[in-house]
Amino acid sequence: PPAEPTPTPPPVTSTDFGLGTPSVTNDSTYLQRRIIVPITADGGTNPVARTVTISIAFDRSATFRGVPGGGWTCDASRNDRITALSCSRLMPAGQGGTFPFKVAGAAPAGTIRITAPEDPRSDNDTVRFSSGSWILPL
């Protein structure tokens, strides 16, 4: 009898990491903002975790106050005056999360971009954030 053909396995695809709409809140420290950026993860059959990088270009300089929760490696230290920030971490394939960061300054705003190796789409990789006047909590 003739040998049965070996079925072709489905192609291995990478997770599409993207960004959701950031939330900006005032923090208890004067002029400090907490920005939480949702990271989406869509599809992918490759089980390998990927290093994702979040890059932020600020419209004007701000003071970096840190990334709460840990797990991120950034190119700035607490209290550095910055106009750009880049932070990376290993993300499990197919799993999203959040990137929370704190900055201080007069109405911080800017563009946030996510990159990951073999990310199949780029149309969901960039978002803007802005903050209005800092209101003193009573």
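These notebook entries record what I looked up in this structure.

**Basis of the entries**

I worked from a predicted model, in which local features need pLDDT of at least 70, side-chain atom pairs count only at pLDDT 80 or more, and totals for chains, interfaces and linings use all residues. Residues are numbered from 1 along each chain as its sequence is written, and side-chain values use heavy atoms, with hydrogens and water left out.

**Entry: Asp16**

I began with Asp16, which is found in strand β1 (residues 16-19). Strands here are DSSP runs of E with at least two residues, numbered from the N terminus. I noted Asp16 as buried because its relative accessibility is 2%; buried means under 20% relative accessible area, exposed over 50%, and partly exposed in between, with a 1.4 Å probe and protein chains only. The side chains of Asp16 and Asn124 are joined by a polar contact of 2.9 Å. Such a contact is a pair of N or O atoms within 3.5 Å; within protein, one must be able to donate a hydrogen and the other to accept it, and residues adjacent in sequence count only if both atoms are side-chain atoms. Residues up to four places away in sequence being left out, Asp16 touches Asn124 and others, including Thr40, Asp42 and Arg121. Contact means heavy atoms within 4.5 Å.

**Entry: the strand pairings**

I next examined β2 (residues 23-26) and β3 (residues 32-42), which run antiparallel and are joined by four bridges. Two strands pair if DSSP finds at least two bridges between them. Thr25 stands opposite Arg34 in β3. The two strands β2 and β3 form a hairpin with five residues between them, and Leu31 in the turn has a positive phi of about 65 degrees.

I then turned to β8, which is joined to β4 by six bridges in an antiparallel arrangement; there Ser55 stands opposite Arg113 in β8. With β9, β8 pairs in the antiparallel sense over five bridges, and Gly110 faces Phe129 in β9 as its opposite residue.

**Entry: the largest nonpolar core**

Which residues touch the most other members of the largest nonpolar core? I found Ile39, Ile54, Ile56, Phe58, Phe99, Phe101 and Ile112, out of 26 residues. A core of this kind is a set of buried Ala, Val, Leu, Ile, Met, Phe, Trp, Tyr and Cys residues joined through side-chain atoms within 4.5 Å. Strands supplying at least two residues each include β1, β3, β7 (97-104) and β9 (126-130). β4 gives the most, with six residues. Leaving out residues up to four places away in sequence, I listed the contacts of Ile112, among them Leu19, Val37, Ile54, Phe101 and Phe129.

**Entry: the disulfide**

I counted one disulfide, a pair of cysteine sulfur atoms within 2.5 Å. Cys74 is joined to Cys87, S to S 2.1 Å, and the link is right-handed, with 110 degrees about the S-S bond. Cys74 lies in β5 (residues 73-74) and Cys87 in β6, 13 residues apart. Cys74 is partly exposed at 25% relative accessible area, whereas Cys87 is buried at 0%.

**Entry: Arg50**

The side chain of Arg50 makes a polar contact of 2.9 Å with the side chain of Glu118. Between Arg50 and Asp27 I noted 23 residues of sequence separation and 31 Å in space, C-alpha to C-alpha.
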